[in-house]
Each structure stands twice: as C-alpha cells, then as structure tokens.
Amino acid sequence: RGGRCDDSGRTRRELLIYAQVTETWTGQYDSSANRVEGVVLEGASEPEYAGRFSLTPAFPSLQPVVKNNILRKNETQWRVADVAGEYTLEFQGDGSISAYDIRLLPNRTWTSVGLSATLAGSWNVFDSDVNLASGIDGTGPRLWLWLRRFGQTSSSGVHLSQDRLYLGRITGAAGDASKIRRVKGQVAVGWSTEPAFIGSFRLVPRHQ
C-alpha cells in the first residue's frame, strides 16, 4: 500500500494487490527437429489460453531431445549370450568422431581391442530399468554399456574426465532376427547426479 498527492494537495492512498497466476505449459517434442512446442494456459480452476511457446536447447549437439521409450509388442528379448562378441563402437559428439573395436565378454565385462590404451567397463541387456549394480544376466531389447575410469574392470592409459554410459536399442539383422544388425542410441555422463547427453553411438558387429 502506498500514497501519492493529487492536484488538490490531498494524499490519496492506493492498495495494490499482487496475486500469483498459475501457468501451465503443455507441449509435444519432435526429436528430428530437437524442439518442444505447445500452448500456455493461465488459471488454476478455469484456465484460459494465453499463447504458444517453443523450447529449443541452448547447445543442440550436447542436449538432444530423446524419444520416450515406446512399448513395442513382440520385441525380441535378447540375452547376454546372444549379444556377446566382437563389435566396432562408433561415437559422434560435438565436433568429434571416433571408432574402435571392442569385445563384449559373456561375463558382462568389455574391453577395447587393438589400442595402445585400454578402454573397458561393464555391460548388460535390459528391458526398461537400467541396473548398473546387477550381478545377473539381463534380457530385453536394449543394451547399456558403461565406460569406467575406476574399478576392477576399468580403463587405463587414457585420460577420461567422466565415466560414460551408452544406452541403445538392439536391432536384429534383416532376414535373420536372431542375429544383431546394430545397437544405436545415446551417450550420457553424470547420470547419477546431473545427467547430460554428449552424443550418439552405434555398435556394429565386426563379422557379419
């Protein structure tokens, strides 16, 4: 509440009331455009249309919009024994591309092949939930691969500022769904505290 003088010199008091307005932003995202668009509504009980909005990442190559996992019936349930083998791991990030051969072992550990340094970690297949501490073989249509800096199975001879987690969907070969064509997905860092996606990857069998 405040006061001001009018032309007659008398003080006129005004009462200013500030109210909080509830805004609801509802949108849909398009992963191909890396953009979220939708409408803005005002009001909690009887919301009214207030406009539209568009949300784009500040650093598109480092902050991809990732599709929600869509429940697909009759997906192939891969086992660890089906996936273990020799692969080429291709990574594409912000201005960087790399590719090296790796070996996924049946004990759910993996290591690089033919490099002067050693890249290594653990891996497993899963359906919906990622459990990095699981000690049993998983089954499902997806794969996680953990590039580790420390631990019993970890990298050596190379500088890594953070561990990396590769999350991808397994695709069967055309004409033979029992064989893997590729694994394709996203790469994340800081997933236990402040997750951020830093690029994409492909895992392709070396002997097809």
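Biologist: Buried means under 20% relative accessible area, exposed over 50% and partly exposed in between, with a 1.4 Å probe and protein chains only. With that in hand, is Ser122 buried or exposed?

Modeller: Ser122 is buried, because its relative accessibility is 13%. Before we go on, this is a predicted model, where local features need pLDDT of at least 70 and side-chain atom pairs count only at pLDDT 80 or more, while totals for chains, interfaces and linings use all residues. Residues are numbered from 1 along each chain as its sequence is written, and side-chain values use heavy atoms, with hydrogens and water left out.

Biologist: Thanks! Where does Ser122 lie?

Modeller: Ser122 belongs to strand E10, which covers residues 120–126. Strands (E, at least two residues) and helices (H or I, at least four) are DSSP runs, numbered from the N terminus.

Biologist: And what is Ser122 in contact with?

Modeller: Contact means heavy atoms within 4.5 Å. If you skip neighbours within four places in sequence, the contacts of Ser122 are Arg108, Thr109, Trp110, Trp144, Leu145, Trp146 and Arg148.

Biologist: Let's look at Arg108, then. Where is the place of Arg108?

Modeller: You'll find Arg108 in the loop that joins strand E8 (97–104) to strand E9 (109–113). Arg108 counts as buried because its relative accessibility is 17%. Its phi is near 70°, a positive value in a residue other than glycine. For background, most residues other than glycine have a negative phi.

Biologist: Nice. Which residue forms a salt bridge with Arg108?

Modeller: That is Asp137, with the closest N and O atoms 2.6 Å apart. A salt bridge here is a side-chain nitrogen of Lys or Arg within 4 Å of a carboxyl oxygen of Asp or Glu.

Biologist: What does that pair tie together?

Modeller: Asp137 sits in the loop between E10 and E11 and Arg108 in the loop between E8 and E9, so the pair ties together parts 29 residues apart in sequence. Asp137 is partly exposed, because its relative accessibility is 46%.

Biologist: What about Ile136, buried or exposed?

Modeller: Ile136 counts as exposed because its relative accessible area is 60%. Ile136 is in the loop between E10 and strand E11 (139–140). Not counting residues up to four places away in sequence, Ile136 touches Arg108 and Asn124. The C-alpha atoms of Ile136 and Val80 are 9.8 Å apart, although 56 residues separate them along the chain.

Biologist: How many salt bridges are there in the whole structure?

Modeller: The search finds nine. One of them joins Arg206 and Asp101, whose closest N and O atoms are 3.7 Å apart. That pair links distant parts of the chain, with Arg206 in the segment after E15 and Asp101 in strand E8, 105 residues apart. Glu86, Asp101, Arg103 and Arg206 are linked in a network of salt bridges.

Biologist: And which residue forms a salt bridge with Glu37?

Modeller: Arg35 does, and the closest N and O atoms of the two are 3.0 Å apart. Glu37 is partly exposed because its relative accessibility is 38%, and Arg35 is partly exposed because its value is 31%.

Biologist: New topic: how many residues does the largest nonpolar core have?

Modeller: It has 26 residues, and those with the most contacts inside it are Val83, Ile102, Leu104, Trp123, Leu143 and Leu203. Such a core is a set of buried Ala, Val, Leu, Ile, Met, Phe, Trp, Tyr and Cys residues joined through side-chain atoms within 4.5 Å. The elements that each supply at least two residues of this core include helix H1 (80–83), strand E7 (85–93), E8 and E10. The largest share, four residues, comes from E14.

Biologist: What is Trp123 in contact with?

Modeller: Neighbours within four places aside, the contacts of Trp123 include Val80, Val83, Leu104, Arg108 and Leu143.

Biologist: Last one: which strands form the open sheet?

Modeller: Three strands do, in the order E3-E4-E5, with antiparallel pairing. Strands pair if DSSP finds at least two bridges between them. The edge strands, each pairing on one side only, are E3 (23–30) and E5 (48–55). Strand E4 (residues 35–42) and E5 pair over seven bridges, and Gly38 has Phe53 in E5 as its bridge partner.
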